[in-house]
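Here are a few exercises to work through with the model open beside you. Try each task before you read its solution.

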Amino acid sequence: MDQETRSRIMRAVRKKDTKPELIVRRLLHAMGYRFRLHRRDLPGTPDIVLPRHKVAIQVHGCFWHQHPGCRHANLPRSRTAYWLPKLARNVERDAQSEEALLALGWRVLVLWECELRDVDALRERLTAFLLGRQEIA
Ligand SMILES: [Zn+2]
């Protein structure tokens, strides 16, 4: 696969309907929750929004959004000058969006890609958050 093809795929994958997001959507749907996707009128265009609960869910890829302490967030050894500022921008943008959402009275749940494999744990977490129990970081 050449460089151009690879970046095209990476961009496409990154944008919308990424698999991790689908896992969360399917689960929420099965749990009977109603939600909206990619609300552009909200800061950071949250991946999933539950208007009735005023909850925004961001499903973050560990690499793109630099999951702290996660091995999937390791930086590539080459082209660091390219990756570092790019990923730093993502992290900064995430923080700003979250702050803006909170300021508007939304509650924000960040789910990391690597946390989605255990569906039971994920279901419990979603239930707890949607019922208004605080997340313990
Ligand atoms: Zn991770």
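A residue is buried if its relative accessible area is under 20%, exposed if over 50%, and partly exposed in between (1.4 Å probe, protein chains only). This is a predicted model, where local features need pLDDT of at least 70 and side-chain atom pairs count only at pLDDT 80 or more, while totals for chains, interfaces and linings use all residues. Residues are numbered from 1 along each chain as its sequence is written, and side-chain values use heavy atoms, with hydrogens and water left out.

**Exercise 1. Get an overview of the chain.**

Task: work out what share of the residues is buried and what pattern the secondary structure follows.

Solution. Start with burial: 33% of the 137 residues count as buried. Next, the elements, which are DSSP runs numbered from the N terminus (helices are H or I, at least four residues; strands are E, at least two). There are four helices and four strands, and along the sequence they run α-α-β-β-β-α-β-α. Finally, look at contacts, meaning heavy atoms within 4.5 Å. Of the contacts with a separation of 6 or more, 50% join residues 24 or more positions apart.

**Exercise 2. Take the zinc site apart.**

Task: find which residues are the protein donors of the zinc ion and how they are spaced in sequence.

Solution. Donors are N, O and S atoms within 2.8 Å of the metal (3.2 Å for Na, K and Ca); water is not among the atoms, so sites may look incomplete. Here you get C62 (SG), H67 (ND1), C70 (SG) and C114 (SG), at 2.0 to 2.4 Å from the zinc ion. Their spacing reads C-x4-H-x2-C-x43-C.

Now the geometry. Four donors pass as tetrahedral if all angles lie between 85 and 135 degrees. The zinc site has angles of 100 to 115° among its four donor atoms, so tetrahedral it is.

Then zoom in on H67, which sits in the loop between β3 and α3. H67 is buried because its relative accessible area is 13%, and C70 is buried too. Leaving out residues up to four places away in sequence, H67 touches C62, A73, W112, C114 and E115.

**Exercise 3. Look inside the largest cavity.**

Task: find which residues line the largest cavity and which element gives the most to that lining.

Solution. On a 1 Å grid over the protein atoms alone, a cavity is a set of points where a 1.4 Å probe fits but cannot get out, and lining residues have an atom within 4 Å of a point. Grid points are joined across faces, edges and corners, and the volume is the space filled by probe spheres set on the points. One cavity of 30 Å³ or more turns up, and the largest has a volume of about 50 Å³.

Its lining is Q58, H60, D94, S97, E98, L101, V108 and V110. β3 (55-60), α3 (80-103) and β4 (107-112) each supply at least two of the lining residues, with α3 giving the most, at four.

H60 counts as buried because its relative accessibility is 6%.

Methods. Tetrahedral: all angles 85-135°; square planar, octahedral: opposite > 155°, others 65-115°. 1 Å grid on protein atoms, 1.4 Å probe; cavity = no way out; pocket = protein on both sides within 12 Å on 5 of 7 lines; lining within 4 Å.
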